[in-house]
Amino acid sequence: MSYQRRASPLHAARAAAGMAYCVSLGIAALVLSAPLMLGAVVVAIVVAGVAAGVGRAIRRAAVLGLVLGLLVMVINALVTRDGLTVIWRFGQLPVLGQVDVTLEATVYGAVLGLRALALILCGALYTAAVDPDQVLRLFRRVSFHSALTATLATRMVPILIRDSRRLADAQRCRPGPPATRAALMRATTAGVFDRALDVAAALEVRGYGAARRPPKTRAAWSRHDLAFLGAAVAVLGLAIAARVAGLAPFAAYPALHAPIPAGETLSACAIVLVALLPFADRRGIER
Amino acid sequence: MTVLELDRVSYRYPRATGPALDDVTLDVGAGELVVLAGASGSGKSTLLRVASGLVPHFHGGEFTGRAAVAGLDTREHGPGELAHAVGTLFQDPESQVVMGTVRAELAFPLENRGESPGTVARGVEEAALSLGIAHLLDRPTESLSGGELQRAALGAALAGRPALIVLDEPTSQLDPVAGDELIGSLRRLNEDHDAAIVIAEHRLERCLGLADRVIALDRGRIAFDGAPGEFLEWAVARAPALATPGARLLDGVGLKPAPGVKAARSALRAAGRLPDVDEHQSHPRRPEADAALRFDRVWHELRDGPVILRSVSLKITPGERVAVMGRNGAGKSTLLRHAAGLMDPTRGRVIRAGRIALLLQNPNDYLIHERVADEAPAAALHAVGLDALGDRHPRDLSGGERQRLALAVVLGDPAEERPAAICLDEPTRGMDRERKRELAELLRSLPAAVVVATHDPEFAAAFADRAVLLADGAPIADAPVGEVLATGTYFATETARILGGAGRALTPEQGVAVLTRTEVLA
């Protein structure tokens, strides 16, 4: 919802390339499990976000991701019984029973949290740097009416957020006791229906009802399209290769086993480098 | 060639007691610019929705007669198919822009038609260039101002060059500058592309000078159909609520009404009645009194964003009637929100002598109960003249009645705490002249200071004693309403523009008095 066209190589790339780039980083976060490799993916996304001029969106997502990651770590440490190295004995707790926190469960929880952070950051980068209208246009050829329904739904979200803020402001202006929740719910629902009708009428007069499947677009591939598609393939390739070749071995249970061989360090550096390389070319980025 | 043809069309909305259109027959030819006039509820919007096919396909109801757009019968062709021939623009820009960027918005109707990418790109460029919005193409639609959104929506209506463009009060949410620009763009499109335009508008003075023809509706029937000059003569004699201030001014001094400021001034000049402009400006001292509301060097600076208010210092005394004017984005709404405490200044302070009642732009946001009587105390309903409608559902009220009900809600129970000041943000959007006159009278009768943010100089002249003009977050004029609105170009009433500010006359009645006095002196 926070997409805004900026002068950056990622914004200059077509939506398909930008989407592939973000998806490849997300898949890398799912495929890899070694903390160093996951850290490399997080670093790549954060630096990419800053280089794309969407650092603020990434920062907001990072705060959310860190909180969520911390939560995942704590929950995993409290509920997992695996691991040999006990670092804290809580004793008998209601509901949870006997709770012994192990180093292995804590580290594994932290790795899961890191993965969640990487995925949230991926989502933020995608939302802030890939044009949603272009993405919907891509899917219109596959499922035309579903894509338009998605258009309507995405358009309604900011409108309804603004409407709810207005309604909240209006309620603050009412003197006397605040309105009941039921009354507010009724008013909000009526407002949503009114809005939906207005937007539906607008869609009708723009020809939505008689819309045809759009013809295939053949736009020339720009340097940025090629660079980000190439980076997507390379990141994906490196992540899968590291996983298959066992370059980044990591096992949490029963005892922590996380050696950092030279191959893992090199792979981590390569992922960051390959992911950021497309940002070096800043020609033709402004529209 | 006829682009819109209605033959004995009658239409009744579902569950409505009476017809919205009643036996309407009319033709609109290619290249005509037609203004639809009429009070709220007279059938203007319904007629436009017939042309776009929304009536009856979208709204349902009972439809009789025949309507055709560019030869397509609207009973056989729905709005989607008619979109090739007719571009539609509604009143509220926010709910008719459906895509994320202006470029995607302009491309949307063309893509729906299955046009090739080249044709879509060209259509987008041409629509953007013709409206002067090429610089906005890659802006997200949610970052646009009201005026920019309205232009983007108009661009989407124009993309593909429809033979007919129908517009429902397109300027009602725009400031005078943006409104005039939009009307100018329409005239250019009409002249350059031969597109027929049908525009429903309450502020007739804004577009009559450019119109080829005016159709007036009354309770769903055509009451007048003719040239703008003839319409004004008819309106002055038969429907005074539709007569423009300029027409009333000329009629008041015995001259034939003429559409537009230039024609009215020419008529006065030809009759030797155009007075000299009095350059003397008086600045009467405001009476010293305690403030009902005071802004003391108030700043509002957005984090990582622009400055919205710049060191605003204003003192509103009890009983004062103040109009706050300025372009969209000048800071009017933010100022009122600070007054009511919905926002806090980043620097400076707001001092209130008591509770500040604030009525925001959309009265529906205040109405949450099933009965009018449950919304506000009886005394407040009485103050706004709604005590007889206590058992009605708020959503069944007319637009003007809902506005008054929302005002009653914020006024609260006078027995408990009477507000020190009452602030209203753009209360006249979409109101016809008669409803505005009633609202101005009501505001003048309220026992508190009244501050109204408005784009409407005629309304400001009708209710205010003082006008504050904001630009870029700071007051650039703060004087009696006669001085501010008589000397401006955009923020001036039609009477003041015709008379060039002579005698500080703002309303037709004041203008007639100035012209009569001038004649006696001569």
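**Entry 1: where the chains meet**

I began with the two chains and found that 49 residues of chain B are in contact with 46 residues of chain A. A reminder to myself: this is a predicted model.

Next I asked which helices of chain B each supply at least two residues of the side that touches chain A. I noted helix 3 (79-82), helix 4 (102-112) and helix 14 (399-411). Helix 4 of chain B has the largest share of that side, with five residues.

Then I sorted the side of chain B that touches chain A by class. I got 22 nonpolar, 16 polar and eleven charged residues.

**Entry 2: inside chain B**

I turned to the domain assignment of chain B, which gives domain 1 as 2-243 and domain 2 as 293-513. How many Å separate the centres of these two domains of chain B? Taken over C-alpha atoms, I have 30 Å.

I also looked up the contacts here: 19 residues of domain 1 of chain B are in contact with 17 residues of domain 2 of chain B.

**Entry 3: the domain 1 side**

Which helix of chain B gives the most to the side of domain 1 that touches domain 2? I found helix 7 of chain B, with four residues. Helix 6 (146-158) and helix 7 (176-193) of chain B each supply at least two residues of that side.

I wrote down six nonpolar, nine polar and four charged residues.

Notes
Residues are numbered from 1 along each chain as its sequence is written. Chains are lettered from A and ligands numbered from 1 in the order in which they are written. This is a predicted model: local features need pLDDT of at least 70, side-chain atom pairs count only at pLDDT 80 or more; totals for chains, interfaces and linings use all residues. Domain bounds come from an automatic or database domain assignment. Two residues are in contact if their C-beta atoms, placed from the backbone, lie within 7 Å. Ala, Val, Leu, Ile, Met, Phe, Trp, Tyr, Cys and Pro count as nonpolar, Asp, Glu, Lys and Arg as charged, and the others, Gly among them, as polar.
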